[in-house]
Amino acid sequence: MKSKKLLAVLTVLVLFLIVSFFTEKNEEVKEDRPTVGVLQFVSHPALDEIYRGIQDGLKESGYKDGENMTIVFQNGQADQSKLSTMSQQLIDKQSDVLIGIATPAAQALANSTSKLPIVLGAITDPVSAGLVESNEKPGRNITGVSDKSPVEAQFDLAVKLLPKAASVGILYSSAEENSKYQAAEAEKAAKALGLTVKSYVVPSSNEIAQTVQVMSSEVDVIYIPTDNTIANAMQTVVNEADKTKTPIIPSVDTMVEEGGLATVGINQYELGIQTGKMAADILSGKSDPATTPIYTFETGDIIINEAQAKKLGITVPEDILSEAKLVGTGSD
């Protein structure tokens, strides 16, 4: 009887040792995998495309989530108060590299650590946002990708599509530094082409519908800079602007797909690819954020919403159509 009890005890002990051995081995494997912490400011098509590109950029560089690296993803859903907490959670997860998608997310990460490397995804002006010393020599633990749009090219396209337009309203949120910067750039570009400019600034998404109603009666065309608050409410903007057939020139390709007329824009997915590759170079030790210049796209694609042009009664010149990527109903 005693021998049976002893055998049972030994069996349990052996099983415990075996389980402990494999558990420790699994933990060692997990610890050997690098971790990339991603903080996204809010969900909307442009930022979601950037995140998709980040994953594929890492994969193209040899880092596949769940195999030889781990991605920990957090989304603040436009709640500024959550970003600081989420940043600390990503640090506590022992992230080897942090990625901030949109300026508020990047600023939250930068405020949480000065040691862990941070890669910027879609930051219009990293210098004015207080994230780097200069685009050429960031100087600290931060580098990344700028989503600065070719504003002059966007307005050149706007006047070609809308030759009778005399005034433009710039719609942006007062809560986003990147939007203020690009709105100022847009005002310069529009005035240089002889357009009358009026800015319409909203403190939150609650005022967007009413503001668009007002501006649709006061200007010939609406311009939207790279702005997450407005992008998150793009359908509201389109619905209100359509009531007066006021065309919208946004800065982002995905916002054209949602009902904007046209833009010259950076492909958000490709922006994410570049961000992912920069993060991979830091993981592999190929680059140092302090000495890695901010990546800026030199060109953009002409994007036309063919269905929206028809709805607004706008004829797109053939020379523009031949170069453009067409989106909207009936387009490839």
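**Notes on helix packing and burial**

1. In helix α7, which spans residues 208–216, the buried residues are I208, T211, V212, M215 and S216. Because these residues cover an arc of only 130° around the axis, they lie on the same side of α7; the arc is that of the directions from the helix axis to the C-beta atoms. Buried means under 20% relative accessible area, exposed over 50%, and partly exposed in between, with a 1.4 Å probe and protein chains only. In general, an α-helix has 3.6 residues a turn, so residues three or four places apart point the same way.

2. The model is predicted: local features need pLDDT of at least 70 and side-chain atom pairs count only at pLDDT 80 or more, whereas totals for chains, interfaces and linings use all residues. Residues are numbered from 1 along each chain as its sequence is written, and side-chain values use heavy atoms, with hydrogens and water left out.

3. The buried residues of α7 pack against β6 (167–173), β7 (196–202), β8 (221–224), α8 (228–232) and α9 (234–242). Contact means heavy atoms within 4.5 Å. Helices (H or I, at least four residues) and strands (E, at least two) are DSSP runs, numbered from the N terminus.

4. Helices α3 (residues 80–92) and α4 (residues 103–112) pack with their axes 9 Å apart, at an angle of about 50°. The two helices are therefore oblique to each other. Angles under 35 degrees count as roughly parallel, over 145 as roughly antiparallel, 65 to 115 as roughly perpendicular and the rest as oblique. Axes are lines fitted to C-alpha atoms, for helices over the stretch in contact, and angles run from 0 to 180 degrees between N-to-C directions.

5. On the α3 side, Q80, L83, S84, S87, L90 and I91 make this contact, and on the α4 side P104, A105, A108, L109 and S112.

6. In α4, the buried residues are T103, P104, A105, A106, A108 and L109. Among the elements that cover them are β1 (35–40), α3, β3 (97–101), β4 (118–121) and α6 (177–192).

7. Helix α6 also contains A183, which counts as buried because its relative accessibility is 4%. Leaving aside neighbours within four places in sequence, A183 is in contact with I170, Y172 and P225. A183 and S173 are ten residues apart in sequence, and their C-alpha atoms are 9.9 Å apart.

8. For the protein chain as a whole, the secondary structure comes to 13 helices and 13 strands. Of its 332 residues, 50% count as buried.
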